[in-house]
Structures are given as C-alpha cells and as structure tokens.
Amino acid sequence: MLLSGFSSFLWLLNMAMLVLAVVALFISATTRGDAYPAADKQTKKFWLIVLGITVAVNLLVPMLFLQIAGLVATIVFMVDVRPAVKHVSGGGGGSRGGSSSDGPYGPYNGGR
C-alpha cells in the first residue's frame, strides 16, 4: 500500500516536471530571438535546445538525476530568463499604458 502511494507520487511529480518543461519550451519558442541577447541572457537557440532535451528526458528516460537537472534548467528559465526577456520585450509591469508614477489605484499626483 505504501509503495503504491509512493509510486503514484513519483508519477505525479514526473508529470508536473514534464508540464513545467513543456510550458517553458513553449514560452521560449514564442519569444523573440533578439530579446535574449538584449536581456544579457543566453540565446534563444540555447534555451530551445536545453528545454527540448529536458522535455525529451522527461518523456523517454526515467532517470531521476537527469530529470532533476532538467528541472533546475526549467526553473532557471522561468525565474531568471523569462522575466528579463519579458521586460526587454515590453511585457514588463509598465505595459498597461500607465506611467512610472502610477500607483495601484491610478496616477500619483503628489497629494494635490
């Protein structure tokens, strides 16, 4: 019973890593290629290769060590590269048409 539960947990963990890697690969594929060097990150081709290998390893090779290495690469992409590239591409926090002095409820006018 305990072994069956652990096996189910590992399967769910594997599926979560696969879904995260596929989402990161999709985001990487749909991002402009010139945004990566502009954000001072590795090239788009590099991230497509790394994330593609991660997806392939999660699908084909049930070796936990390789899957964890791919998970680390995916987390680095999602936490470090994606926000930097999004900011350079104009998709950062100020892309809603407001100015830098806007607060959460509208423009800040200095108490006037």
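What follows is a friendly chat about a predicted model of a protein.

Reader: Hi! To start, how many helices and strands are there in the protein?
Author: Hello! The protein has 4 helices and 2 strands. Along the sequence they follow the pattern α-α-α-α-β-β. Keep in mind that this is a predicted model.

Reader: Thanks. What share of the residues count as buried?
Author: Of the 112 residues, 23% count as buried. The protein exposes about 7800 Å², and carbon and sulfur atoms supply 69% of that area.

Reader: And the contacts with a separation of 6 or more, how much of them comes from residues 24 or more positions apart?
Author: Those residues account for 63% of such contacts.

Reader: Let's get to the rings. How many aromatic pairs does the structure hold?
Author: There are 2 aromatic pairs. In one of them, the ring centres of F46 and W47 are 5.3 Å apart, with the planes at 85 degrees.

Reader: Why is that pair edge-to-face?
Author: Because the planes of F46 and W47 stand at 85 degrees, and an angle over 60 counts as edge-to-face.

Reader: Are those two residues buried or exposed?
Author: They fall into separate classes. F46 is partly exposed, with a relative accessible area of 36%, while W47 counts as buried at 7%.

Reader: What about W47 and F77, how do their rings sit?
Author: The pair of W47 and F77 is tilted, with 5.5 Å from centre to centre and 55 degrees between the planes. W47 belongs to helix α3, residues 44-60, and F77 to helix α4, residues 64-88. The pair therefore ties together parts that are 30 residues apart in sequence.

Reader: Nice. Is F77 buried or exposed?
Author: F77 is buried, at a relative accessible area of 1%. Together, F46, W47 and F77 make up one aromatic cluster.

Reader: Changing topic: which residues make the nonpolar surface patch?
Author: L3, F6, F9, L10 and L13 make that patch, which covers about 500 Å².

Reader: Where is F9 placed, and how accessible is it?
Author: F9 is in helix α1, residues 2-30. Its relative accessibility is 47%, so F9 counts as partly exposed.

Reader: Last one, D80. Which residues is it in contact with, apart from neighbours within four places in sequence?
Author: With those neighbours left out, D80 is in contact with K41 and I75. D80 has its place in helix α4 and is partly exposed, with a relative accessible area of 38%.

Reader: What joins the side chains of D80 and K41?
Author: A polar contact of 3.1 Å joins them.

Reader: And how far apart are the C-alpha atoms of D80 and K41?
Author: Their C-alpha atoms are separated by 9.1 Å, and the two residues lie 39 residues apart along the chain.

Reader: Great, so which residues should I look at for the aromatic cluster again?
Author: Look at F46, W47 and F77. W47 takes part in the edge-to-face pair with F46 and in the tilted pair with F77.

Technical notes. Residues numbered from 1 in each chain as written. Predicted model: local features only at pLDDT ≥ 70, side-chain atom pairs only at ≥ 80, totals over all residues. Heavy atoms only, no water. Phe/Tyr/Trp six-rings, centres within 6.5 Å; stacked < 30°, edge-to-face > 60°. Buried < 20%, exposed > 50% of the residue type's maximum accessible area, 1.4 Å probe, protein only. Patch = residues over 30% accessible without salt bridge, like charges linked within 9 Å, V, L, I, M, F, W, Y side chains within 5 Å. Areas by Shrake-Rupley, 256 points an atom, 1.4 Å probe, with all protein chains shown as cover. Salt bridge = Lys/Arg side-chain N within 4 Å of Asp/Glu carboxyl O. Contact = heavy atoms within 4.5 Å. Polar contact = N/O pair within 3.5 Å; in protein donor to acceptor, adjacent residues only side chain to side chain.
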